[in-house]
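Hi,

Here is the structure I promised to pass on.

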Amino acid sequence: MRWPRRFSPADQAGSLCPVPRLSEVIAALENLWPAERAESWDAVGTVVGDPGQEVTRVLFAVDPVQEIVDEAVKLGAHLLVTHHPLYLRGTTTVAASTFKGRVVHTLIKNDIALHVAHTNADTADPGVSDALAGALDLRVVRPLVPDATDPEGRRGLGRVCELDHPLTVRELAARAAARLPATAQGIRVAGDPEATVRTVAVSGGSGDSLFDHVRAAGVDAFLTADLRHHPASEAVAQSPLALLDAAHWATEWPWCELAASQLDEISDRHGWGLRVHVSKTVTDPWTAHEASTAHPSPTTTLPASASRAPSDSAGAPN
């Protein structure tokens, strides 16, 4: 988790600390999360911003949605860094009549730059899954899907982790529910709640494409988000693997704390005196949860019209 930023003379009014340009801050961020390490389908990098603009305050968040941009305006931020892209599939308009266009207009009118670190932050060392593991007090052993271009074997997608002591699946789910930001979904569990867990694979964001790697890792449980019915059903049918499904936003929010801490360190090293903030606004799209109370009937009763047998003459040829 992020350490509190140290108070320094740079935080005082009238400081002679150098004020960085946006281009300098972006160069530092690109060093942490090089754009060339993003997936080919991804859209990372600077979306809005004047390279020559001065930057004194930065806000980190998961989603570049209007309420986050409004928060950046209220905060007086000059740079908003988000994990999710604003335009993943491109666009032909930034008209303010569209919700994404309105985000662009608000950013530009208030001299706020937007920079995105998505899949290049997922595979970084440290990256999104390291932050998730850290939030749960898990010891990272290795990447779940190693980056073949990293000779040290530290970068890659997901992480294979060990617990400090064995827990049941139920206890691990309770830890995740307590340590990750609260969402309407909470933590869903598939598998035996009383099974013992010693090793865990984690992947921030959508993770059901990684089941082959998770099985190959031989872990007891897999914590991720956005698990779909069929992949999850097949996974638990093939092995005793326990699944813990958290909200997508909640599994990626710890990265904001990690990333802010990294920028804090860079700012201190360069003497920039940046004021770095993490948004605590919940932008998970799900806003409520109601537990199921009904149970399926052991037999299904067909409607009378469907169960009635046709008469001998009905539909018979002449």
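Thr 168 touches Pro 193, Glu 194, Ala 195, Thr 196 and Val 197, leaving out residues up to four places away in sequence (contact means heavy atoms within 4.5 Å). Thr 168 sits in strand S6, residues 156-168. With a relative accessibility of 17%, Thr 168 counts as buried (buried is under 20% relative accessible area, exposed over 50%, partly exposed in between, with a 1.4 Å probe and protein chains only).

Before you read on, some ground rules: this is a predicted model, where local features need pLDDT of at least 70, side-chain atom pairs count only at pLDDT 80 or more, and totals for chains, interfaces and linings use all residues. Residues are numbered from 1 along each chain as its sequence is written, and side-chain values use heavy atoms, with hydrogens and water left out.

For the overall picture, the protein chain has 10 helices and 11 strands (DSSP runs numbered from the N terminus, H or I of at least four residues for helices and E of at least two for strands). Of its 318 residues, 44% count as buried. Among contacts in the chain with a separation of 6 or more, 66% are between residues 24 or more positions apart.

Now the pocket. The largest one has a volume of about 850 Å³, and 36 residues line it, with His 84, His 118, Ser 206, His 248 and Glu 252 nearest its centre. By pocket I mean an open set of points on a 1 Å grid over the protein atoms alone, with protein on both sides within 12 Å along at least five of seven lines; a cavity is a set where a 1.4 Å probe fits but cannot get out, and lining residues have an atom within 4 Å of a point. Points are joined across faces, edges and corners, and a volume is the space filled by probe spheres set on them. Which element gives the most to the lining of the largest pocket? That is S8, with 4 residues. Helix H3 (99-109), helix H4 (119-122), strand S8 (196-206) and H9 each supply at least two residues of that lining. By class, the lining of the largest pocket divides into 14 nonpolar, 12 polar and 10 charged residues (Ala, Val, Leu, Ile, Met, Phe, Trp, Tyr, Cys and Pro are nonpolar, Asp, Glu, Lys and Arg charged, and the others, Gly among them, polar).

There is also 1 cavity of 30 Å³ or more. About 30 Å³ of space lies in the largest cavity, and its lining includes Asp 63, Trp 249, Trp 253 and Thr 281. That lining has 5 nonpolar, 3 polar and 1 charged residues.

On to the aromatics: the whole structure holds 3 aromatic pairs (rings of Phe, Tyr and Trp, the last by its six-membered ring, with centres within 6.5 Å; planes under 30 degrees apart are stacked, over 60 edge-to-face and the rest tilted). Phe 60 and Trp 255 have ring centres 6.4 Å apart and planes at 75°, so this pair is edge-to-face. The pair links distant parts of the chain, with Phe 60 in strand S2 (residues 57-61) and Trp 255 in helix H9 (residues 248-270), 195 residues apart.

Asp 226 has a positive phi of about 60° although it is not a glycine, and at 36% relative accessibility it counts as partly exposed. Leaving aside neighbours within four places in sequence, Asp 208 is in contact with Asp 226, Leu 227, Arg 228 and Pro 231. Asp 208 is in the loop between S8 and H7 and counts as buried at 12% relative accessibility.

Asp 111, in the loop between H3 and strand S4 (113-116), has a positive phi of about 55° without being a glycine. A cis peptide bond joins Asp 125 and Pro 126, with omega about 0°; Pro 126 is in the loop between H4 and helix H5 (128-135).

Cheers
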